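Visitor: Could you take me on a close look at one part of this model? I would enjoy seeing one residue's surroundings first, and then the elements around them.

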Amino acid sequence: MNQDVPTTMQAVVTSGQGGPEVLSLAEIPTPRPAAGEVLIRVAAAGMNRADVMQRKGFYPPPPGASETIGLEVSGHIAAVAEGVTSWQIGEPCVALLAGGGYADYVAVPAPQVIPPPPGIDLITAAGVLEVAATVLSNARVAQLKPGETFVVHGGAGGIGSFAIPYAKALGCTVWTTAGSADKLDMCRALGADLAVDYHEDWAAAFADAGGADVILDNQGARYLESNVSVLRPDGRLVIIGLQGGRKAEIDLNAVLRKRNHVIATSLRSRPLEQKAEICATVVAEVWPMIADGRIPAAPTITYPAAEVAAAHAYFDSGDHRGKLVLTFGG
């Protein structure tokens with residue numbers, strides 16, 4: 001490993017499962033990149049709902065992944081292991097991770113590391129890749145087409161604030177939900193054609209408007225029946241989160257009659273080959289949308305890593321818009 005890389009580093013550790021108070025900084029060994037990997041000196045780590053679920057004990061890392069929380073980072077290449085020819089030490093980058101992001105350094109398979117989005121500063125860039133990869137990959141799973149009506153729940157959050165302009169750029173009609181008047185205004189400013197307060201009967205509003213072809217859902221059980229009721233014939237529901245619970249009943253006759261598809265996917269557990277393809281597609285298809293302004297940078301709130309507990313408390317409050325990121329020394 002490069003002689004300038006220290007043997008230990010600061011990383012966020014947990015004292016157990018629970019609230020933000022279980023998070024703190026500690027000194028742990030610096031990872032060593034294996035063959036085919038690079039070591040990144042982290043500038044910032046994006047915060048995601050999956051981080052909260054892992055903190056609470058509901059979303060453990062895949063086998064072999066770091067126990068340290070964090071699914072995306074920005075930074076600079078600090079070391080390059082055997083077999084890697086695509087990166088040089090010192091180059092700026094962003095990376096998609098299975099874990100390990102809340103730390104000064106993280107080792108990542110080189111195909112999951114890509115250049116930062118054009119025109120975006122490195123700190124803001126830490127919060128872009130995971131949402132871009134999630135939305136793009138699930139739009140492909142759902143076979144989202146121009147002219148279709150697309151619903152994303154939680155339009156003012158990290159996923160939603162990316163998915164709205166992305167789907168608009170694809171030529172879709174976009175509907176969304178959010179929890180307050182100012183968040184609904186933000187969604188409309190991002191391009192949402194219809195934005196409904198989720199405290200109200202959003203399913204009736206969407207059904208009255210003609211129904212949806214594709215729904216991207218982070219709630220799971222709580223919204224399952226309502227989502228199915230909103231789908232048009234041949235509509236596709238893609239479940240990417242379980243914030244509203246894991247178990248619910250579904251009227252299979254309703255699904256059958258409309259020839260609907262109910263799909264559940266996870267980005268974190270995908271094999272390297274699939275993640276590499278998704279990252280390459282993000283560079284080819286999404287980065288140009290960011291460069292020409294079709295997808296604006298989401299509002300970003302930063303916290304120093306030492307204030308990780310406060311950052312998670314704010315995330316838990318539901319008051320934030322866009323992305324939260326933790327800043328490190330890279």
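Guide: Setting aside neighbours within four places in sequence, Thr 265 is in contact with Asn 138, Val 141, Val 238, Ile 239, Ile 240 and Arg 270. Do keep in mind that this is a predicted model. Thr 265 sits in the loop between β13 and α9. Its relative accessibility is 18%, and because buried means under 20%, Thr 265 counts as buried. With one of those contacts, Asn 138, there is also a polar link: the two side chains are joined by a polar contact of 2.4 Å.

β13 belongs to an open sheet of six strands, paired in parallel and ordered β10-β9-β8-β11-β12-β13. β13 (261-264) and β10 (194-197) stand at the edges with a single partner strand each, so one side of each has no neighbour in the sheet. From one strand to the next, the twist averages 15°.

Trp 175 has Leu 194 in β10 as its bridge partner.

Helices pack on this sheet, too. α4 (residues 158-169) touches β8 (149-152), β9 and β11 (212-217), and its direction makes about 170° with that of β8. α5 (residues 181-190) lies across β9 and β10, running at about 165° to β10. The axes of α4 and α5 come within 9 Å and cross at roughly 30°; the two helices are therefore roughly parallel to each other. Where they meet, Ser 161, Ile 164 and Pro 165 of α4 face Met 186, Cys 187 and Leu 190 of α5.

Take Val 282 as an example: beyond four places in sequence, Val 282 touches Ile 114, Leu 129, Ala 132, Ala 133, Leu 136 and Trp 287.

How values were computed. Residues numbered from 1 in each chain as written. Predicted model: local features only at pLDDT ≥ 70, side-chain atom pairs only at ≥ 80, totals over all residues. Heavy atoms only, no water. Pairing = 2+ DSSP bridges. Helix = DSSP H or I, 4+ residues; strand = E, 2+ residues; numbered from the N terminus. Axes fitted to C-alpha atoms, helices over the stretch in contact; angles between N-to-C directions. Contact = heavy atoms within 4.5 Å. Buried < 20%, exposed > 50% of the residue type's maximum accessible area, 1.4 Å probe, protein only. Polar contact = N/O pair within 3.5 Å; in protein donor to acceptor, adjacent residues only side chain to side chain. Parallel < 35°, antiparallel > 145°, perpendicular 65-115°, else oblique.
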